Amino acid sequence: MEAIILQILNGLDKGSAYALIALGLTLIFGTLGVVNFAHGALFMMGAFCAVTLSRILTLSHTVIDPTQTDFLGNPLKVQVPYIHDIFGQATGDAIIDWAVPLSILFAIPIMIGIGVIMERGLIRHFYKRPHADQILVTFGLAIVLQEVIKYFYGANPIPTPSPEAFRGSFDFGAALGFDPNVIIYPYWRLVYFGFAALVIGAVFAFLQFTTFGMVVRAGMADRETVGLLGINIDKRFTIMFGIAAAVAGLAGVMYTPINSPNYHMGMDFLVLSFVVVVVGGMGSLPGAVLAGFLLGILESLASMSVVIDFIPGINQVIIYLVAIVILLTRPRGLMGRKGVMED
Amino acid sequence: MFALDKKDARLLLMVAVLTMLAPFILNPFPAGSEMAQFNAGYPDLMQRFVIFGIFAIGFNILFGLTGYLSFGHAAFLGVGSYSAVWMFKLLSMNVLPAIALSVVVAGLFSVVIGFISLRRSGIYFSILTLAFAQMSFALAYSVLTPITGGETGLQLALDDPRILDVAASATGNIPVPGLFGLEMRASTNLELGPWVFTFNVGYYFSALIMLAAFYLAIRIFRSPFGMMLRAIKSNQQRLNYTGLNARPYTLAAFVISGMYAGLAGGLMAAMDPLAGAERMFWTASGEVVLMTILGGAGTLIGPVLGAGFIKYMENIISKINESILHQWFYWLPDGLEDFVVAMIYPFIGKGWHLTLGLLFMAVVIFLPGGLVEGGQRIGRMFGRKKSEEKDKPSGKTTPAE
């Protein structure tokens, strides 16, 4: 029992990442009808937004500190981040410590910008082309983005720690009445799950309760009619692309403390996210979220030693296996809508 | 010739001549000269040109003709490699049974995967093939270690049975793959003045097989079967309305291209008898997609060109480093030299993937027909005056909807 609860918790954070990426993919697919293979790269760019911000915050200049001396008695040269000069030492350190959460503010405008540029500059020209062409051009774009990041940040993973306050672990076992130290779960993963839930909720609320969201939903249902009503639907769809990029980017930002970002992390997630989207049903936002969490939890349940002893290797293939079974038995995925992507 | 029309016969003959003379053509610079690093005429790379050519030709039969974009073709390549190495381990070091087995096993494997994946089309088909390939990769990497060697890969050992062959060579080493005594790695050098040309048994063996594969591809392209596959690409619905079931045809195309991939995998193992799971990773599948599109999907020669182009970049362009660039631009003023080098450097050397990605995007955006279409456009630009009247009637045909 404890083991199962622990694995479900472990599945939540991966599931959150899948759900966020799949949500963005589905947004793009549902609005623009484009299969975006560069979405994983957007996730990776988000993660590198966090890296960039923490580098900017720790930009330092050298000062001579008369209070510290080396063994010869000369005053030491110390690196002082500029942020100390601006906010003072204590606040400055706190800001550096909170670099990853702060990157959310930094990443949103950047990712929306990247998304809008991508859509206006490239994807727009591919609406009328076959899906295979869209896959190919975004695949090429993903390679390019990945290589650009590799050029500037190198090929090695860059550790980006979470704030000090979240570095410990939470003892779920004790809270739920099991033995202590059986179910322990890092705070940051809880934060990640909460954050993902928040972002998903925000996207749904935005689509459901704002006029803008209503127009977008109408456009998803029947683009032509909305256009005929005199609404500039293309502009709104471009903004939705930006939002989808931001969602992927935020997923990446918050994921950095869980896994140190490297330039190909996006591709690793992309393949799985596509599986998630297909399982959830092309074009269904709730389906994408549901399938994301479902597959994330299934994956970690399958890596329990009991299961592995029973069916060796199942943890490696469970996601793909589920995808194959679902695609063959429920061609539209779990919650797919009729008429989407059916050729 | 060979039941081909004149144009195809000429193409086949041209490819044959080019592959046979490749050691000369790919080594245009004298050994030891500054430009020698652009020589691609060494056996390892030449073998890769033709082997990946086979892989891409096979992929093109599926993607170029039917339009089904498989993102999991590397699985068949990997399976082919594994079966070839097992043949070396169990039976003999002769490459023929190994390659035969790898084609057969890859064929069987692709029947199973194709039968399931082809129930869906479009992006679903891509995802299904990707899922199967990733599953094969994950299994080969972990659970199937007794069969696949897991992380270290499958290698030959001195205590392999090798029923029809010796377990160890006369010197006590592991024997090398060969064809009735002709070792695959054997090569002879021909020195003409400063030039050195290498003729490698393995290369010529692979090249002959590639020519056979190419010939087969031409026949498939020109056959009624190939016509059927094109019909599937252009309008599958209409095909269904006329009472034809498309699935047997797509499955046949899938299996044929899977067998091509298996053949390429078997040849790879024959040139270097080891096999690893990374050959099945989805980036390897992506690579063959890049090759085919870059060269020109749906054309005969395109995939071969694409494969050669990418492998050349991977092996030659990636070796250019900063100091070589400085040597090239030494004649520029100092500041300008540094600037030019700094501008070019991100695109070459270790950054060759960036160039590849940009080039690939450019091809998809501007030249959907790939390098072949580019060549045709250039050819037309020069030859326009002559064939202006000829071109007029063959303008774009609009489908009668």
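What distance separates the centres of domain 1 of chain B and domain 2 of chain B, taken over C-alpha atoms? The answer is 29 Å. The model shown in these views is predicted.

**View 1. Domain 1 of chain B meets domain 2 of chain B.** Chain B splits into domain 1 (6–26 + 39–315) and domain 2 (320–377). Their contact draws 15 residues from domain 1 and 10 residues from domain 2. On the domain 1 side, H12 and helix H13 (302–315) of chain B each give two or more residues. H13(B) has the largest share of that side, with 7 residues. By class, the domain 1 side holds 9 nonpolar, 5 polar and 1 charged residues.

**View 2. Chain B contacts chain A.** The contact involves 34 residues of chain B and 31 residues of chain A. Three helices of chain B each supply at least two residues to its side: H6 (122–141), H12 (282–295) and H16 (352–366). H6(B) gives the most, 12 residues. The chain B side comprises 22 nonpolar, 10 polar and 2 charged residues.

**View 3. Helix H4 of chain B crosses H6(B).** H4 spans residues 74–90 of chain B. The two axes come within 8 Å and cross at roughly 35 degrees. From H4(B), the contact uses Ala74(B), Ala75(B) and Gly78(B). From H6(B), Phe132(B), Ala133(B), Ser136(B) and Ala140(B) meet them. The class count for this contact is 5 nonpolar, 2 polar and no charged residues.

**View 4. The largest nonpolar core has 219 residues.** Which residues have the most contacts inside the core? They are Val275(A), Ile54(B) and Phe55(B). Domain 1 (6–26 + 39–315) and domain 2 (320–377) of chain B both give residues to this core, so the core lies between them. A close-up on Ile54(B) picks out its partners beyond four places in sequence.

**View 5. Phe193(A) sits in helix H8 of chain A.** The helix covers residues 187–209. Is Phe193(A) buried or partly exposed? Phe193(A) has 19 C-beta neighbours inside 10 Å, and therefore counts as partly exposed. The cut-off for a buried residue is 20 or more. Beyond its neighbours within four places in sequence, Phe193(A) is in contact with Leu12(A), Asp13(A) and Ser16(A). Leu102(A) lies 91 residues from Phe193(A) along the chain. The C-alpha atoms of that pair are separated by 17 Å.

**View 6. Strands E1 and E2 of chain A form a hairpin.** E1(A) covers residues 60–69, and E2(A) covers residues 75–81. The strands pair in the antiparallel sense over 7 bridges. Thr62(A) stands opposite Gln79(A) in E2(A). Between the strands there are 5 residues. In this hairpin, Gly73(A) takes a positive phi near 95 degrees. How many of the 10 residues of E1(A) are buried? The count is 0, and E1(A) is hardly covered.

How values were computed: Residues numbered from 1 in each chain as written. Chains lettered and ligands numbered in written order. Predicted model: local features only at pLDDT ≥ 70, side-chain atom pairs only at ≥ 80, totals over all residues. Contact = placed C-beta atoms within 7 Å. Helix = DSSP H or I, 4+ residues; strand = E, 2+ residues; numbered from the N terminus. Nonpolar A, V, L, I, M, F, W, Y, C, P; charged D, E, K, R; others polar. Buried ≥ 20, exposed ≤ 12 C-beta atoms within 10 Å, placed from the backbone. Domains from an automatic or database assignment. Axes fitted to C-alpha atoms, helices over the stretch in contact; angles between N-to-C directions. Core = buried A, V, L, I, M, F, W, Y, C linked by C-beta atoms within 7 Å. Pairing = 2+ DSSP bridges.
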